[in-house]
Amino acid sequence: MTDMAFQEHYVEADGFRIRYLEAGQGEPLACLHGGGGLRLSPMYDLLAAHFRVIGFEIPGFGDSPANERTNSAAELAATMNAAMTALGIDKFNLLANSFTGKAALNMAMQAPEWIESVVLI
């Protein structure tokens with residue numbers, strides 16, 4: 001668990017209701033979790049001290065319905081780019097962990113003008 005007060009929200013994008021946790025202020029930082037799902041660690045607190053952290057729960061994880069539609073990293077990237085657009089964000093940094101790394105690279109290829117930086121863990 002983290003010390004920072006992350007707020008739970010939802011955004012509708014690409015036919016999905018996507019849960020996300022948000023804290024901090026500054027430049028937006030979209031965070032995509034690994035195969036274990038969205039789990040806040042102390043890293044998120046450190047990041048939220050400098051960025052507006054938006055930790056997405058990828059469709060099909062957590063309490064969301066099974067994602068039987070997404071068949072590729074490119075499709076997942078389009079969904080997550082749509083989520084950022086639905087939040088009114090057109091410039092952001094991107095952090096991806098493990099299996100979402102490929103989706104993050106696809107996000108950057110699909111909309112390079114939106115992505116300020118990409119960090120892959």
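This is a predicted model: local features need pLDDT of at least 70, side-chain atom pairs count only at pLDDT 80 or more; totals for chains, interfaces and linings use all residues.

Reader: How far apart are the end C-alpha atoms of H2, and what span should its 14 residues have?
Author: The expected span rests on 1.5 Å times one less than the number of residues. For the 14 residues of H2 this gives 20 Å. The model agrees, because the end C-alpha atoms of H2 are also 20 Å apart.

Reader: At what angle do the axes of H2 and H3 cross?
Author: Two packed helices are described by the angle between their axes and the distance between the axes. Here helix H2 (residues 73-86) and helix H3 (residues 101-110) have axes that come within 8 Å. Their crossing is right-handed. The angle is roughly 65 degrees.

Reader: Which residues of H3 meet H2, and how many residues of the contact are nonpolar, polar and charged?
Author: On the H2 side, the residues are Ala73, Ala74, Leu76, Ala77, Ala78, Met80 and Asn81. They meet Lys102, Ala103, Asn106, Met107 and Gln110 in H3. The residues of this contact divide into 8 nonpolar, 3 polar and 1 charged.

Reader: Which elements are included in what covers the buried residues of H3?
Author: In H3, the buried residues are Gly101, Ala103, Ala104, Asn106, Met107 and Ala108. Their cover includes S3, H2, strand S5 (92-96) and strand S6 (115-120).

Reader: Why does His33 count as buried?
Author: His33 lies in the loop between strand S3 (28-32) and helix H1 (42-48). Setting aside neighbours within four places in sequence, His33 has contacts with Leu38, Phe56, Glu57, Ile58, Phe61, Asn97, Phe99 and Thr100. Buried means under 20% relative accessible area. His33 counts as buried because its relative accessibility is 2%.

Reader: Which backbone nitrogen does the side chain of His33 reach?
Author: The partner is one of the residues that His33 contacts beyond four places in sequence. At 3.0 Å, the side chain of His33 reaches the backbone nitrogen of Ile58.

Reader: Is Asn93 buried or exposed?
Author: Asn93 is part of strand S5. Not counting residues up to four places away in sequence, Asn93 touches Glu27, Pro28, Leu29, Ala30, Phe51, Glu116 and Ser117. Its relative accessibility is 8%, so Asn93 counts as buried.

Reader: What is the relative accessible area of Phe16?
Author: Phe16 belongs to strand S2 (residues 16-23). Beyond four places in sequence, Phe16 is in contact with Val11, Pro59, Asn67, Arg69, Thr70 and Thr79. Phe16 is buried, and its relative accessible area is 12%.

Reader: Which backbone oxygen does the side chain of Arg69 reach?
Author: Arg69 sits in the loop between S4 and H2 and counts as partly exposed at 40% relative accessibility. Leaving aside neighbours within four places in sequence, Arg69 is in contact with Asp14, Gly15, Phe16, Glu75 and Thr79. Its side chain comes to 2.6 Å from the backbone oxygen of Asp14.

Reader: What is the phi of Asp14?
Author: Most residues other than glycine have a negative phi. Asp14, in the loop between S1 and S2, has a positive phi although it is not a glycine. The value for Asp14 is about 55 degrees.

Reader: Is Ser98 buried or exposed?
Author: Ser98 is in the loop between S5 and H3. Ser98 is not a glycine, yet it has a positive phi of about 60 degrees. At 51% relative accessibility, Ser98 counts as exposed.

Technical notes. Residues are numbered from 1 along each chain as its sequence is written. Side-chain values use heavy atoms; hydrogens and water are left out. Axes are lines fitted to C-alpha atoms, for helices over the stretch in contact, and angles run from 0 to 180 degrees between N-to-C directions. Helices (H or I, at least four residues) and strands (E, at least two) are DSSP runs, numbered from the N terminus. A crossing is left-handed if the near helix is turned anticlockwise from the far one by less than a right angle, and right-handed if clockwise. Contact means heavy atoms within 4.5 Å. Ala, Val, Leu, Ile, Met, Phe, Trp, Tyr, Cys and Pro count as nonpolar, Asp, Glu, Lys and Arg as charged, and the others, Gly among them, as polar. Buried means under 20% relative accessible area, exposed over 50%, partly exposed in between (1.4 Å probe, protein chains only). A polar contact is a pair of N or O atoms within 3.5 Å; within protein, one must be able to donate a hydrogen and the other to accept it, and residues adjacent in sequence count only if both atoms are side-chain atoms.
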